Structures are given as C-alpha cells and as structure tokens.
Amino acid sequence: MTEKLIAAHLTSGDMRPGEEIGLRIDQALIQDATGTMVMLELEALGLDRVHTELAAQYVDHNLLQTDERNMADHVFLRSACRRYGIWHSRPGNGVSHPTHMQYFGMPGKTLAGSDSHTCAAGSLGMLAIGVGGLEVAMAMAGQPLFVTMPEIWGVRLTGALPPWVSAKDVILEMLRRHGVRGGVHRIIEYHGPALATLSAMDRHVIANMGAELGATTSVFPADKQVLEFLRAQGRAADHTELAADPGAGYDLEEEIDLSTLEPLIARPGSPGNVIPVRQATGEPVHQVVVGSSANPGLRDFAVVAEILRGRQVHPQVSLDVNPTSRQILIDLTKMGAITTLIEAGARIHQTGCLGCIGMGQAPAVGRNSLRTFPRNFPGRSGTHDDSVWLCSPETAAVAALTGAITDPRDLGLDHPRVPLPRTVSLGTALLEAPLPPDAAQRVELAKAPSIGSLPELEPLPDSLTLPVVLKVGDDISTDEIMPAGARALPYRSNIEALADFAYTQIDPDYPRRAREAGPHAIVGGRNYGQGSSREHAAIVPRYLGLRVVIAKSFARIHWQNLANFGVLPLEFADESDYDRIGRELHFEGLRKAVENGTELTVDGIVLRHRLSARQRAMVLAGGWIPLSRQSR
C-alpha cells in the first residue's frame, strides 16, 4: 500500500531505497510551536497563497499565557492564516493530530506536517510525514516534499488484545524489540487479520509513536474501521478503500500476535527503554498525566474514568487529565466521564499538548510521573532531573489508584467495557475557514515587537577552521539541543532570544562559548537529533555560528533540517574516529568536496555525507531560502 501511495504522488526520483524522491503534497499541518517560523518563512518566500489542497494551523502547544508573547504569536498566526489561505484552529480546539484526523484526514492523501507525530494520520490510510517547518512551507508554496526512499517494513498483526492490554502496548512492544533507531529509513506498514479488532483511534496510537522508532512514517489500510470513524464524523463520503494487494511482499517482515502481549512501560530517559509493567511493580508514583497525541481517543479517557468510577485517587498522586480535542471533551462530558474523573480526584486541564511539551505539569525532582505520552527524553517535562515513564491509559489509571506502578491485571478488577457513541459531537469546532483570495490580499500580518525575523545565512566558505565547541554522545534529542517548555516556548518566534536556551539541557555554557567562538563545529554519536521535528534545533545553533556537525549517524528529520539551514552534516567513515577527533578542525577545499559529493579528510579523519545534489546546493548557498532567492 505504501508503494501505491508514493507512486500516486511521485514527482521525481526512483522508488529504490536510499534514492531521493519528490512527492506531491495534498495537505499541510502546522502547529504553533513551529508555525510561527513557518509563517515567517512564507513571508520570506514572498508567497501569495498556499498551493496545497488544504493547509491547517493548530494552536495546541503554546497555551500557557504567562506573559504577552504567546498571545502575540497567536494573533500573528491567525493573521497569517487569513493572509495565506490556511485553516485556523483556535486555542482550545484540540491537539493537531487527532483534530486533523477528525476534520480533514482522508485516505489516499499525502500530508506534510511541521511536527514529528504527523505520522499519526497514517491510521487513516494517508502517507503522512513529519518534517521541518521550512519543508512544509515549501510544500505549501507548491514545491515537492523530498525524502529518501525508505525500505517498507511489513508488520503482520494477528490475534486479539487480551484484557488490560491496549494499543499503546502494541507500539511499546515494537519499541521493546527494536529501540529508538529500529525504524530509521523505513516506513512501517501494518497489515493482517488483527486489524479488524483495532479502531482507527487505536491505529492512531500505534502510528503516532512510529516517530519514536525513527520511522519515516507508518501506514494502515483504509478499511471498514476507517469508514466507521469517518462516518461518525459525518464524513463517510471522504472514505476510499485502500489496501495492499493480496500477497504483497515487503523489504522486511515481522509478526506480532496481539494475544501474547502484556502491559508494558517505558522507563525514564527513552521511549525505547521498555519493560513489562510487572518488572517495575511497587515503584512509587506521585503524578499521572492522561492525554497527548499518543493516546488521544475518546476511549483512552473513558477507560480511565471507568477504572476510577466510585474510587478515589491515591492521596500522594496528582492525576492530571488533558483532553485532546474540544469534540472529545464535549463527548466525555455528555457521557458523564468528566464528572466521574472529577469525583475521583482528577484535575481537568485545558484541551492541548501541555505537559507533553513541558508547558506546565512539570513533575517534582526524584518523583515518578506516569504519562500516556509519546516521549520521555530527559528534561522534556520541564524538570531537569525528571523521572517520566510512558504507559497505557489502563496502567496509568491503576497507578493513580494505588500510588505505585502496578500491573492492571494484579488489581483484581474486571477490565471495564466502555460503550462509545456511534456518532460524535459535530458543529462545535473552533475552526476558522480560509478567506477568499480577494479578501486575503487585504490582510496585514500582525507582528508584535516580540516576533523576530529569520537570520541572514551566509554561503559555505571554502576554507574553515572550526573549534569543536561541544561533543555529545548517542541518541541526543532535539529536546536537548533546543528545549521546549514554559520558559523557552514563548520565544519561538525570536531566534536571537531563543539562542540563550540552546543546548542548556546538556551544557548550560554552550550559548556563551558558541558566541565567543563564532563559526564552530559540534560532534555527536549515533542517532544525533532524534525526536521532535522542531527546526529551531538547527536554526538556533546556526545563528550562534554552527557550520558543521559530525556524527556517527543522524536522525532523519534533524539531518534534513541542518541542510535546510546551511549546516553541513557529516558522518564518520570509521565510527572509532569519534574518540580521536581533535578540539579544532581544519577544512580546505570544502566547497568543491561538497559540490562533488566526495569524502573529506580532515586532520587524518575521513568524513562523508549522504546529501543529494539538491541538498548540496542548499548547503553551499547557506540554506534553502538563500538558494531560492538566487534562482528568482
């Protein structure tokens, strides 16, 4: 099925793993933590109106308005939506991924999103890929989306989930088997008889956290379960049946018997650090947070309410509930689930990402927080020395009752049956449709003084002497490179101010040393830049003088973002050279080596890159926007 989706949208390249291909993009998704930069990029590109069939901007991350900056960004975003012909989802309407699925998701379409969890839309039979904001801006301007053709990994699902095991445990099982690098350069295509037992929202949970495997995206067939979801949304006419041909082959194949799964949990520090819940039994818990794009469905909240019905949350536990869309909040209220949660002692927060991106709900140091979230990278919660575990809603609810990590099967309760409505609450969305072109032309962008502009990016010099300002290990995430959270997120539209936060999770002194050094290099280990698609993790160090990153290997999105902003991503030909690289690097004949795609030998160390001819031109020009200006 993946090959069918790609072939239907292919604009350039050959569908061979490792080759760069161009894809026509039907829909675009933007969220506010990345959207301010996207809108500034559209302005820099001189765009008149978006060219995709549909584009939607969601305000779901920057919701804590502790000063004027967040609301200033929101005002700017709405003005840009009106100017460029983009749907505007207001604060409180919902987290981008489930909300887009509810109102705009459509089988057979391509979706490019400036959020790594855009891949969740694969649950509806879409080819949905998370990328950097600049790539989304270019797609909205009518350019193809360029990706490296991945291998297609067929995962056959059989059996049925046993009681107290849910969709979150399926993706945690994938992470237990393969870790955070297992999906790199791969698209995961789920198939098999067990799909008949998994709802569209169950599939959303699994597809969403394919990002944690490093996968390009995940794909499910558009079958009766997808039709049932769209019918409930009043959009049955948007359904198209799509599936792989009978007997289709895959580059890699795997099988999971759902009936053999048990409740799983990811220990603090990484989504790939997965163990059975029973191995963590007895760990004290002080916070439980339910919500996020990783468990966004009506069922995911309703099952927690049913487990808690007639019971009280343990006195030491703060149970925080973040509804994921306005529609789901209304339906939970109609079902009586919100009343049940409040009576049990839960705290109901506004509809949005919130604690998932470190905007509130930061846990205490040394106290375990169980979350139905996609990520638990160090410090992502907003607490530097945090202890965040990832689990299913069932495991989270039981921990809220007992005050400790507990296998739900050991509590002696019957697994609750949660009857869900066949139709959902429609006509309640806070969605603003695009203006007609004539009216849009008259809209002025509302840019407050707190909103900055894109930095000017110089071409790559032919000769460089670069101090290595920072050397880091494996699996460094973009949360560590460019933190989110309540302190940093309000500055998302101001690169100069945001620079003070760069790399401070790892080295608080990096911003000062980078400014003093000017042009400099960073050295990293394997899977450098995993996690969020935030392009700030490339733009901000570039603003501070970063010109070259040398790593054992790169995560897909960050590797692309570095090239987009003129930073040269190089890999060790021999990984052991990581241990002997010096404190200063001398590059000569750099432009010719990049232009020809040849290896570089720097101080006796052989370095190489995987950049396409298109990406090499971007790096040489200083970035994609400077290159675009040259071609006008």
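Helix 7 and helix 8 are roughly perpendicular to each other, a class that covers angles of 65 to 115 degrees, whereas angles under 35 degrees count as roughly parallel, over 145 as roughly antiparallel and the rest as oblique. The axes of helix 7 (residues 200-208) and helix 8 (residues 224-232) come within 9 Å and cross at roughly 110°. The model is predicted: local features need pLDDT of at least 70 and side-chain atom pairs count only at pLDDT 80 or more, while totals for chains, interfaces and linings use all residues. Residues are numbered from 1 along each chain as its sequence is written, and side-chain values use heavy atoms, with hydrogens and water left out.

- Helices (H or I, at least four residues) and strands (E, at least two) are DSSP runs, numbered from the N terminus.
- Axes are lines fitted to C-alpha atoms, for helices over the stretch in contact, and angles run from 0 to 180 degrees between N-to-C directions.
- A200, M201 and R203 of helix 7 meet Q225, V226 and F229 of helix 8, where contact means heavy atoms within 4.5 Å.

**The sheet 11-10-9-12**

- Four strands form an open sheet in the order 11-10-9-12, with parallel pairing; two strands pair if DSSP finds at least two bridges between them.
- Strand 11 (217-219) and strand 12 (252-257) stand at the edges with a single partner strand each, so one side of each is left without a neighbour in the sheet.
- From one strand to the next, the twist averages 25°.
- Six bridges pair strand 9 (residues 151-158) with strand 12 in the parallel sense, and W153 has L252 in strand 12 as its bridge partner.
- Helix 1 (residues 2-9) packs on this sheet and touches strand 9, strand 10 (186-191) and strand 11; the direction of helix 1 makes about 125° with that of strand 10.

- In strand 4 (residues 54-58), five of five residues are buried, that is, under 20% relative accessible area, with exposed meaning over 50% and partly exposed in between (1.4 Å probe, protein chains only).
- In a regular strand the side chains alternate between the two faces of the sheet.
- Both faces of strand 4 are covered, with L54, A56 and Y58 buried on one side and A55 and Q57 on the other.
- Strand 3 (residues 27-31) runs parallel to strand 4 and is joined to it by five bridges; Q27 has L54 as its bridge partner.
- Strand 4 and strand 5 (residues 87-89) also run parallel, joined by three bridges, and the partner of Q57 in strand 5 is H88.
- The chain crosses from strand 4 through helix 3 (residues 68-84) to strand 5 in a right-handed β-α-β crossover, meaning that, with the strands pointing away from the viewer, the path from the first strand over the helix to the second runs clockwise.
- Strand 3, helix 2 (residues 32-45) and strand 4 make a right-handed β-α-β unit.

**The loop between strand 17 and strand 18**

- T351 lies in the loop between strand 17 (347-348) and strand 18 (369-371) and is buried, with a relative accessible area of 4%.
- Beyond four places in sequence, the residues that T351 touches include L63, N93, P323 and R326.
- N368 is found in the loop between strand 17 and strand 18 and is buried at 8% relative accessibility.
- The side chain of N368 makes polar contacts of 2.6 Å with that of S387 and 2.9 Å with that of W389; a polar contact is a pair of N or O atoms within 3.5 Å, and within protein one must be able to donate a hydrogen and the other to accept it, with residues adjacent in sequence counting only if both atoms are side-chain atoms.
- N368 and W389 are 21 residues apart along the chain, and their C-alpha atoms are separated by 7.3 Å.
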